[in-house]
Each structure stands twice: as C-alpha cells, then as structure tokens.
Amino acid sequence: MGSDTANRFRAALVQLRAGRVIADNLIAAEALIREAAKGGANYIQTPENTALMELEPELVRSQVQPEGESCPLAVFRALAAELGVWLHIGSLGVKADDGRIANRSYLMAPDGTVAARYDKLHMFDVDLPNGESYRESDNYTPGSKAVLADLTPGGVPARLGMTICYDLRFAALYRALAIAGANMIAIPAAFTKHTGEAHWHVLLRARAIETGAYVFAATQGGLHENGRWTFGHSMIISPWGEILAEAGADPCVVFADIDLALVEEVRARVPALTHGRPFEIEIATPDGEPMKRQAS
C-alpha cells in the first residue's frame, strides 16, 4: 500500500525521563533531538512536560515563565532552525493570564518560527487505586480550542492534529480532527505507569484505527526525580493500527518511515469518517414509556 516517494518522510519520537532541573532536562532533550535529526527525521516529537517534571505546584510556578520569556522555548526554536526540521515539543509549562499554568504544545517550523501552539484541553483530576492523586486543574488552565497545523516534513504536505496525554481518552476530539483534515495525530504524553500498563497500547491503536491517521505519541518513561513513575513505550502507529515503532521505558529515539498515501487508502477501505449519522438516545423506562434525548 502507498508507494509514491512524494508522500514519504521520516518521523522520530524522543522519549525522555525529565527531572526537576530545567537546564539538565534541556541538555538531555537536545542530545536526543540531535540524534533524531542525524538519523534523518524530518518531523521530531518530544513528550509532554519536556522541560520539567515536578509535582510541587509552587516549584513549578517558580520556574515557568510567560511564553515571550520562556528559555526552553527559545532553545528549541533555535535548535529547530539549526537542524532544519519540524520540531514538535510535546508540551512546556508557560504562565497563563489567569495566574495558573498553560500546558502548551509547540510545533516549530524548520526556520525556528512557532508554526502552531495548542493548550491541553482536558485536565487529569483523579485518585488512583494505588494511592496516587492528581489534580491538574488546581494549577493548570485548560485550553478551549482544538488545533490543526499544516506542515511539510521532508517537503511532504501534511495536516497534524495536536493533542496532549489525557486528551487520548476523548474519542470525539480525534474524530473531529480527522474530519477537519488531519492525516497525522500527535499525542505527546507523560502517562502514569499504572494506567499505561492497562490502556496505553489499546487507546493509541484505537485512535489510529478510528481516524485512519498516523499516530505519533512520544512520552516520558521510568522513575522520575519527583518520585513519579511514567510508562514510556513511545509509539508510532499506522492508519491501519499497526505499531511501526515502539520504545521501552528508558530515554531513547525511535524512528519510522511514513507514507501518507496510506491514509487515503485506509480511509477508502473503511470510510467510517463519512458514515456518521445524527441519532437520538432512547431510554426504556420500567413503565414501558420511552424517554427520548436528542444526541449532540
């Protein structure tokens, strides 16, 4: 399937184990990004929280800056320009107008300009059975827009749907991105080890299959300085749901050669994106009288 070299480019995922010191994290990320570029990647993605993994809110606030003053962003913009690649930083924390932090993803063009930015829509507020508790909304302000970006890795026209981590669980977002033209979906993450072991593979493959798009999911992996375990297993998945590349738990780079012609071939085989129909939800009640609710 798919053979036209005009539709092909190389993608790379950088898997990290970010700690509590931004300068150290930037050094580690830069080394692996350079490795990815040396390996011929035209599109390079890093995980959520590329520059900092910190659980203490006051320590996060003390280190993040407004976007215009962000040192990590400046470093990565310069690196994209030097390497001449599409560099997708899974997310950086930046100070938002409401006093909280925006968990913001950045796509840098090969000239170092910011081609697109996306603020994580869905906040991970949960108490896990193993005793871990997360309240992202206490410190992070959610985004309000789904974002697509047109890019040309290796000269190949593509449209990227941008999402982050917990967004993965909201299938309607991915269908909307695909219907709007996304043939690639980004899901950079810092998935917990507990939920990753249960759901990471199946959810990523489902999003690829449902949308008929390539899925790129760079993630954090291993035991971090803050005591948190993340799952790792960064993956590139084809529109047919095949895992083309997968990492383990340690920092590394994984590569896959991408053929965007496959997207249209898969969507022609299973044209589910064009078959959606409006419907009502009917609830059968004990007295036999159905209650109807209009579906959105």
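User: Why is the meeting of the Asp150 and Arg159 side chains called a salt bridge?

Analyst: In this predicted model, the N to O distance between Asp150 and Arg159 is 2.6 Å. A salt bridge requires a side-chain nitrogen of Lys or Arg within 4 Å of a carboxyl oxygen of Asp or Glu, so the pair of Asp150 and Arg159 qualifies. By this rule the count comes to 14 salt bridges.

User: What makes Arg159 partly exposed?

Analyst: Its relative accessible area is 30%. Buried means under 20% and exposed means over 50%, so Arg159 belongs in between.

User: How do you know that Arg8 and Asp259 form a salt bridge, and where do the two residues lie?

Analyst: The N to O distance is 3.5 Å, and the limit is 4 Å, so the pair of Arg8 and Asp259 counts. Arg8 is in strand S1 (residues 8-15) and Asp259 is in strand S16 (residues 252-259), so the bridge links distant parts of the chain, 251 residues apart.

User: Why is Asp259 called buried and Arg8 partly exposed?

Analyst: Asp259 has a relative accessible area of 8%, and buried means under 20%. Arg8 has 40%, which falls between the limits of 20% and 50%.

User: What separates Glu30 and Arg34 along their helix?

Analyst: About one helical turn, because Glu30 and Arg34 are four residues apart in helix H1 (residues 22-38). Their closest N and O atoms are 3.0 Å apart, and the two residues form a salt bridge. Glu30 is partly exposed at 26% relative accessible area, and Arg34 is partly exposed at 31%.

User: What joins Glu67, Arg104, Arg117 and Asp119 into one network?

Analyst: Salt bridges that share partners join these residues, Glu67, Arg104, Arg117 and Asp119.

User: How do you know that Cys165 is in no disulfide?

Analyst: A search of the whole structure finds zero disulfides. The nearest cysteine sulfur to that of Cys165 belongs to Cys252 and is 17 Å away. A disulfide needs two cysteine sulfur atoms within 2.5 Å, so Cys165 has no such partner.

User: Why is Ser91 called buried, and which residues does Ser91 touch?

Analyst: The relative accessible area of Ser91 is 0%, and buried means under 20%. Ser91 is found in strand S3 (residues 86-95). Not counting residues up to four places away in sequence, Ser91 touches several residues, including Pro47, Glu48, Asn103 and Ile164.

User: What makes Phe279 exposed?

Analyst: Phe279 has 52% relative accessibility. Exposed means over 50%, so Phe279 counts as exposed. Phe279 is found in the loop between helix H7 (261-269) and strand S17 (280-283). With Ile281, Ile283 and Met291, Phe279 forms a nonpolar patch on the surface, with about 360 Å² of accessible area together.

User: Which residues touch the most other members of the largest nonpolar core?

Analyst: Of the 52 residues in that core, Tyr43, Leu107, Trp200, Leu204, Phe216, Ile258 and Leu260 do. Leaving aside neighbours within four places in sequence, the contacts of Phe216 include Tyr43, Met184, Ile236 and Ile258.

Key:
Residues are numbered from 1 along each chain as its sequence is written. This is a predicted model: local features need pLDDT of at least 70, side-chain atom pairs count only at pLDDT 80 or more; totals for chains, interfaces and linings use all residues. Side-chain values use heavy atoms; hydrogens and water are left out. A nonpolar core is a set of buried Ala, Val, Leu, Ile, Met, Phe, Trp, Tyr and Cys residues joined through side-chain atoms within 4.5 Å. Buried means under 20% relative accessible area, exposed over 50%, partly exposed in between (1.4 Å probe, protein chains only). Contact means heavy atoms within 4.5 Å. Patches are made of residues with over 30% relative accessible area and no salt bridge: like charges are joined within 9 Å, nonpolar side chains (Val, Leu, Ile, Met, Phe, Trp, Tyr) within 5 Å. Accessible areas come from the Shrake-Rupley method with a 1.4 Å probe; for residues, only the protein chains shown count as cover.
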